[in-house]
Amino acid sequence: MTAIEEMARMDVLCSDKTGTLTLNKLTVDKNLVEVFAKGVDADTVTMMAAQASRMENQDAIDAAIVGTLADPKEPRAGIQEVHFFPFNPTDKRTALTYIDSEGKMYRVCKGAPEQILNLVHNKSEIERRVRVVIDKYAERGLRSLAVAYQEVPEGKKESVGGPWQLIGLLPLFDPPRHDSAETIRRALDLGVNVKMITGDQLAIAKETGRRLGMGTNMYPASALLGKDKDALLASLPVDELIEKADGFAGVFPVEAAWNWNQEN
């Protein structure tokens, strides 16, 4: 009864995007893969991303990438796995260290483009192009995944290895749940304002909001912390900014907790 009474007084509902408003069933559009390395095609980029994925106990990204292959065992064929570096929210990437059929050691990784950019040896040369591609994907509601590669001439898994090279960017699409738009419409009809809270880019959040009919008046989470504000936003108190917004993007768990504490 207490929960029902609390729900009856609710006029704002903050919802996560991935897996709540969307299916969290990602697909890869190989036609939009952006290649950065010479002598490499979209299939090679996808295969390297699959090599840097788990073959068992896969998350949504691993499953989407490996699922594009005709044979899910192909990424490990002909190589000896030495070490797999699993995803964590700090590094935001995975990596596989392996030995090929000629006995040479290599390392391949996939992850958030910002993290991968910080690894590669020529960041200053390619960063602008990378961000253009990321923005192009985001405007279509697509997330970006970067793939990089390095040689490990020392032949030891603990070795730092040679220079990292960006191989390419993969676009990932997470479709909305079939009932999300209708649920949001019903909530709005009942006087409940639904706001999106997501760790994804602002452009992705806006495109998802447009598709779901929940509005596109969204801001980066940094605006709540007094950063990245234009003149108009700078004149608004934080509580008024939250009230006017349809959602916030680029939100990390610690910021989500901070926002909740501000409201309570």
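Here's a quick tour of this structure, from confidence to helices, open space and a few single residues. Keep in mind that this is a predicted model. Overall, the protein has a mean pLDDT of 90, with 91% of its residues reaching 70 or more. Its largest pocket holds about 1400 Å³ of space, and a search of the whole structure turns up 1 cavity of 30 Å³ or more.

**Helix α2, tucked inside**

- Helix α2 (residues 42-51) has 7 of its 10 residues buried, so the rest of the structure largely encloses it.
- The buried ones are V45, T46, M47, M48, A49, A50 and Q51.
- What do they pack against? The buried residues of α2 sit against β3 (34-35), α3, β5, β6, β7 and β8 (165-173).

- In helix α6 (residues 180-189), the buried residues are S180, I184 and A187.
- Looking down the axis of α6, these buried residues fall within an arc of 60°, so they line one face of the helix.
- On the face turned away from that buried side, you'll find the exposed residues R186 and D189.
- The buried residues of α6 pack against β9 (193-197) and α7 (202-212).
- Just past the end of α6, G191 has a positive phi of about 85°.

**The largest pocket**

- The lining of the largest pocket runs to 44 residues, and those nearest its centre are K92, A112, G199, D200 and F252.
- By type, the lining of the largest pocket splits into 20 nonpolar, 11 polar and 13 charged residues.

**The largest cavity**

- The largest cavity contains about 70 Å³ of space.
- Around the largest cavity are K17, G141, R143, F173, D174, P176, I204, T208 and R211.
- Helix α7 gives the largest share of this lining, with 3 residues.
- The lining of the largest cavity divides into 3 nonpolar, 2 polar and 4 charged residues.

- T208 belongs to helix α7 and is one of the residues lining the largest cavity.
- Is T208 buried or exposed? T208 is buried, because its relative accessible area is 8%, below the 20% cut-off.
- Leaving out residues up to four places away in sequence, T208 touches K17, T22 and M196.
- One of those partners, K17, is also part of the lining of the largest cavity.

**A95, in a strand**

- A95 is in strand β5, and β5 is one of the elements the buried residues of α2 pack against.
- With 4% relative accessibility, A95 counts as buried.
- Beyond residues up to four places away in sequence, A95 touches H83, F84, F85, R107, V108 and C109.
- A95 and D62 are 33 residues apart along the chain, and their C-alpha atoms are separated by 12 Å.

- Most residues other than glycine have a negative phi.
- N24 has a phi near 55°, a positive value in a residue other than glycine.
- You'll find N24 in the loop between β1 (12-16) and β2 (27-28), where it is partly exposed, with a relative accessible area of 35%.
- K92 likewise has a positive phi, near 55°, and sits in the loop between β4 (80-85) and β5.
- At 23% relative accessibility, K92 counts as partly exposed.
- K92 also turns up among the residues nearest the centre of the largest pocket.

Methods: Residues are numbered from 1 along each chain as its sequence is written. This is a predicted model: local features need pLDDT of at least 70, side-chain atom pairs count only at pLDDT 80 or more; totals for chains, interfaces and linings use all residues. Side-chain values use heavy atoms; hydrogens and water are left out. Buried means under 20% relative accessible area, exposed over 50%, partly exposed in between (1.4 Å probe, protein chains only). Helices (H or I, at least four residues) and strands (E, at least two) are DSSP runs, numbered from the N terminus. The arc is that of the directions from the helix axis to the C-beta atoms. Contact means heavy atoms within 4.5 Å. pLDDT is the predictor's confidence in each residue, from 0 to 100. On a 1 Å grid over the protein atoms alone, a cavity is a set of points where a 1.4 Å probe fits but cannot get out, and a pocket is an open set with protein on both sides within 12 Å along at least five of seven lines; lining residues have an atom within 4 Å of a point. Grid points are joined across faces, edges and corners, and a volume is the space filled by probe spheres set on the points. Ala, Val, Leu, Ile, Met, Phe, Trp, Tyr, Cys and Pro count as nonpolar, Asp, Glu, Lys and Arg as charged, and the others, Gly among them, as polar.
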